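Thanks for making time this morning.

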Amino acid sequence: MKVKIDSNWIFIVLILALIGISVSDSRMGAVKQGKSNHLSIMSGNSGGTYYYIAAGQAKILTEYLEDINVVTQSTSGSPVENMTLVEQDPANLGIVTIDGIYYAGLGEAERGFEEPLKNLRAIQVGHKAYLYGLTVSGTGVERYEDMAGKTVSVPPIGSTTYYMALAVAEAYGCNSDNTNMIPMTSSEQAEALKDGTIDVAFMAGGIPQATVTDLDYSNDVVYLSIDDAVIEKLDKEYPFWTPVTIEKDTYSKQTEDMNCLTVDTLLACNVELDEEVVYQITKILNENVNELAAIHSSGMEWNEETTEVYLNSSLLTFHDGALKYYMEVLEDRGR
């Protein structure tokens, strides 16, 4: 059986193909020049603070940036994944921790980087990522000292909070020989605590952390606090991480103050992203802090004052477009 092909269809297909090639070439050319009408923010898993912050930033930027659409992309949230994606494409932005972007620039093999990522630049410093230690009643764990020999979940491998969790666990004598440690996302951790698959979860996020809030509402949560002596030891060993106290009653089942570790986060971009685009992104985000805070309370920390601390720090290199904005702000303040 022979099939007759209408020559008009051939013509249409060729035209569509040419259009597709033209659009693709235009898109690639725009990205190479550091300009794009579409940007993506690499965030974290859908139950975490990174995701909510990035979703809020994408909404705000899409609303105020001219002719540019911004979306959120869910990822593991690890510095390796987020910063590799930013390094590879100027159309990608990404949320990352301070030590994450620092080690990315060095190409630190122990943190999972195969080579230095040299195209990363900072736009804005934001909220603190907290490392929670949680369990539920009936596990036999009331303090970190009770954790050895239990099944413990840690954040995804490669994330800063993964290394923070390992440091806390090791400080209390836990290691792979005497404790079963399983990497999970925060939503997976919540389900595992509910069904008894794990005994303890090291869970990362801001305040409030959505998964922690849900777990606190539906279960008898026990919050674990790091002892002062251990806090002092960890503070000396890991200068990127800051010990803080989450006050009691922050969550409904939290009956005592809780000592934990935090690390600052930031929004990063590729050095090739157009300077004027980065300037506008920086300006919009810093001038619409309340709008981001309405989406997640940690959004209030994404502001000029938080960022200013790092402007002269050797830990971060800011994009020229971002620096232009901050220099204007400082000049207006007479500084």
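Let me begin with arginine 111, whose charged end sits over the ring of tyrosine 163, 4.3 Å from the centre of that ring. Please keep in mind throughout that this is a predicted model. A second contact of this kind involves lysine 324, which lies over the face of tyrosine 279 at 4.8 Å from the ring centre. Tyrosine 279 also belongs to an aromatic cluster, which it forms together with Phe318, Tyr325 and Tyr326.

That brings me to the aromatic pairs, of which the count comes to 13. One of them joins tyrosine 144 and tyrosine 172, and this pair is stacked, with 5.2 Å from centre to centre and 25° between the planes. Tyrosine 144 lies in the loop between β4 and β5, whereas tyrosine 172 lies in the loop between α5 and β6, so the pair ties together parts that are 28 residues apart in sequence.

Tyrosine 162 counts as buried at 15% relative accessibility, and tyrosine 163, the ring under arginine 111, counts as buried at 19%, where the cut-off is under 20%.

Now to the pockets. The largest one holds about 240 Å³ of space. Which element gives the most to its lining? That is α4, with four residues, while α4, residues 98–106, and β4, residues 120–136, each supply at least two. Among the lining residues are Ile101, Tyr102, Leu117, Lys118 and Arg121, together with the run Ser314, Leu315, Leu316 and Thr317. By class, this lining divides into seven nonpolar, three polar and two charged residues.

The second largest pocket has a volume of about 200 Å³. Its lining comprises 14 residues, and those that lie nearest the centre are Val222, Tyr223, Leu224, Thr255 and Glu256. Strand β8, residues 221–223, gives the most to this lining, with three residues. Sorted by class, the lining of this second pocket has six nonpolar, three polar and five charged residues.

Definitions and conventions: Residues are numbered from 1 along each chain as its sequence is written. This is a predicted model: local features need pLDDT of at least 70, side-chain atom pairs count only at pLDDT 80 or more; totals for chains, interfaces and linings use all residues. Side-chain values use heavy atoms; hydrogens and water are left out. On a 1 Å grid over the protein atoms alone, a cavity is a set of points where a 1.4 Å probe fits but cannot get out, and a pocket is an open set with protein on both sides within 12 Å along at least five of seven lines; lining residues have an atom within 4 Å of a point. Grid points are joined across faces, edges and corners, and a volume is the space filled by probe spheres set on the points. Ala, Val, Leu, Ile, Met, Phe, Trp, Tyr, Cys and Pro count as nonpolar, Asp, Glu, Lys and Arg as charged, and the others, Gly among them, as polar. Rings of Phe, Tyr and Trp (its six-membered ring) pair if their centres lie within 6.5 Å; planes under 30 degrees apart count as stacked, over 60 as edge-to-face and the rest as tilted. Buried means under 20% relative accessible area, exposed over 50%, partly exposed in between (1.4 Å probe, protein chains only). A charge sits over a ring if NZ of Lys or CZ of Arg is within 6 Å of the ring centre and within 35 degrees of the ring normal.
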